[in-house]
Amino acid sequence: MYATHQDGLTSAQTPISLTDLGRVRVLRALAESGQLTRSELVNRTGLARATVGSVIYDLIGGGLVRETLAAEPVGSRTGRPPQFLSLEPASAYALGLDIGHDRVRAVLTDVVGTVQWDRAEPLPVDGDPDGALNLAERLIAAALRDTGASREKILGLGAGFACPVDKNGRHLHAEGIMQGWVGMQPVDALAARTGLPVQIINDANAGVLAERRYGAARGCDNVLYLRLSSGIGAGAICDGRRLLGHGGIAGELGHIIIDRGGMLCRCGNRGCLETLASPPAIADLLTRSWRRPVAADELPALLTAGDRGAIRAVEDAGEAVGRALATAVMMLNPQMIVVGGELAAAGETLFTPMRRAITRNTTVSHTESLRIVTSALGDSAGVRGAAALVLEHMPEATVERLR
């Protein structure tokens, strides 16, 4: 038998014994559910009760799983309270990077995804890949030093980028977005600097991964995450699996054309959603209208102050976002849309016209049970999703270490 990876493919180079297969199933069930009884593990994994007992014995002995007694409420039935099994949080760690346009952020999480260390430093990233990679290296070293986490317990490093990433997780589509990164090999560069296994992911795909694992979309198998930032992108999970497309660049919602006679976009087209609804685009519109400089980070204060021009600009952006989302809703039929990025802080000024445009441009059957919510993780969704990318493969990586 061979190890089955998260993408459903099997690797002929990774033979796996029945014992290891049992360990993988138990670890994955605990990672997905948090805590389970032995009986629940038997039902979830399809393994025999004796096999589950043997695997649990080994995993507890290896310091990977803990067993706790449930607290019985007063007046409950007599007898021994049930025993719950869960992952030992400090048994392993994952590192995550969010390499955006203007900063690098790093986190270290334990094996259940709880953040143990988090730091961001500003940097003009797009034109300075070497500077960004050097900063990432320094942040990772600081995370290990400050937490005392053993390097041997680090499962790997996930890095999210503010540009599309190919399906093989090796190359960036950085043209016109992060121009200095064109031709860069970030996986190899980060691995050389850190000595860790490295995976890379687009920031919106990282966002949907984090929101489903830790945030607003927990337990949701069909979810669309929209990142409204200096760039606009979407990540989708369909029937529990990330939707990447043929080349890995599905979800570029920011380059759906909304106004064919609109502003020229960095992608070369005119009137893309990004030219209408990103915070810099809204700030640029106000700058031209008011004939004075307006920065994107001024928008929250302008909205709080009730500035009619800023409110109208954000409402128009919400309507444009809703029209673009309507297309995605008709195509993907999500049960939830999670909206993140800086513009999500605009609240109902953004959400009301957005919902109205989605309803107007879709059918009732597509929207009658659709929920549209604000990100629960805020600006940490991308970096936590990058670390979660590593944790997706925790069961296989842990079993490999046990060998």
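The model is predicted: local features need pLDDT of at least 70, side-chain atom pairs count only at pLDDT 80 or more, and totals for chains, interfaces and linings use all residues. Residues are numbered from 1 along each chain as its sequence is written, and side-chain values use heavy atoms, with hydrogens and water left out.

Let's begin with confidence. The score called pLDDT is the predictor's confidence in each residue, from 0 to 100. The protein chain has an average pLDDT of 90, and 93% of the residues reach at least 70. Over residues 1–13, however, the pLDDT is below 50, and this stretch has 25 contacts in the model beyond near neighbours in sequence. Here, a contact means heavy atoms within 4.5 Å. Where pLDDT is low, the predicted coordinates should not be read in detail.

Now for the inside. In soluble globular proteins, nonpolar side chains tend to be buried together. A nonpolar core is a set of buried Ala, Val, Leu, Ile, Met, Phe, Trp, Tyr and Cys residues joined through side-chain atoms within 4.5 Å. Buried means under 20% relative accessible area, exposed over 50%, and partly exposed in between (1.4 Å probe, protein chains only). The largest such core here has 46 residues, and Val26, Leu30, Leu41 and Val223 have the most contacts inside it. Helix α13 (residues 381–391) supplies the largest share of this core, seven residues. Helices (H or I, at least four residues) and strands (E, at least two) are DSSP runs, numbered from the N terminus. Leaving aside residues up to four places away in sequence, Val223 touches Val208, Ala217, Gly235, Ala236, Ile237, Pro334, Met336 and Val338.

Next, the backbone. Most residues other than glycine have a negative phi. Arg291, though not a glycine, has a positive phi near 60°. You will find Arg291 in the loop between α8 (279–290) and α9 (299–304), and its relative accessibility of 79% makes it exposed. Asn333 also is not a glycine and has a positive phi, of about 55°. Asn333 sits in the loop between α10 (308–332) and β14 (336–340) and is partly exposed, at 44% relative accessible area.

Finally, how many disulfides are there? A disulfide is a pair of cysteine sulfur atoms within 2.5 Å, and the count by this rule is zero. The sulfur of Cys163 has its closest cysteine sulfur in Cys267, 14 Å away, so this is too far for a bond. Cys163 is buried, at 1% relative accessible area. For Cys220, the closest cysteine sulfur is in Cys238, 10 Å away, again too far for a bond. Cys220 is buried too, at 3% relative accessibility.
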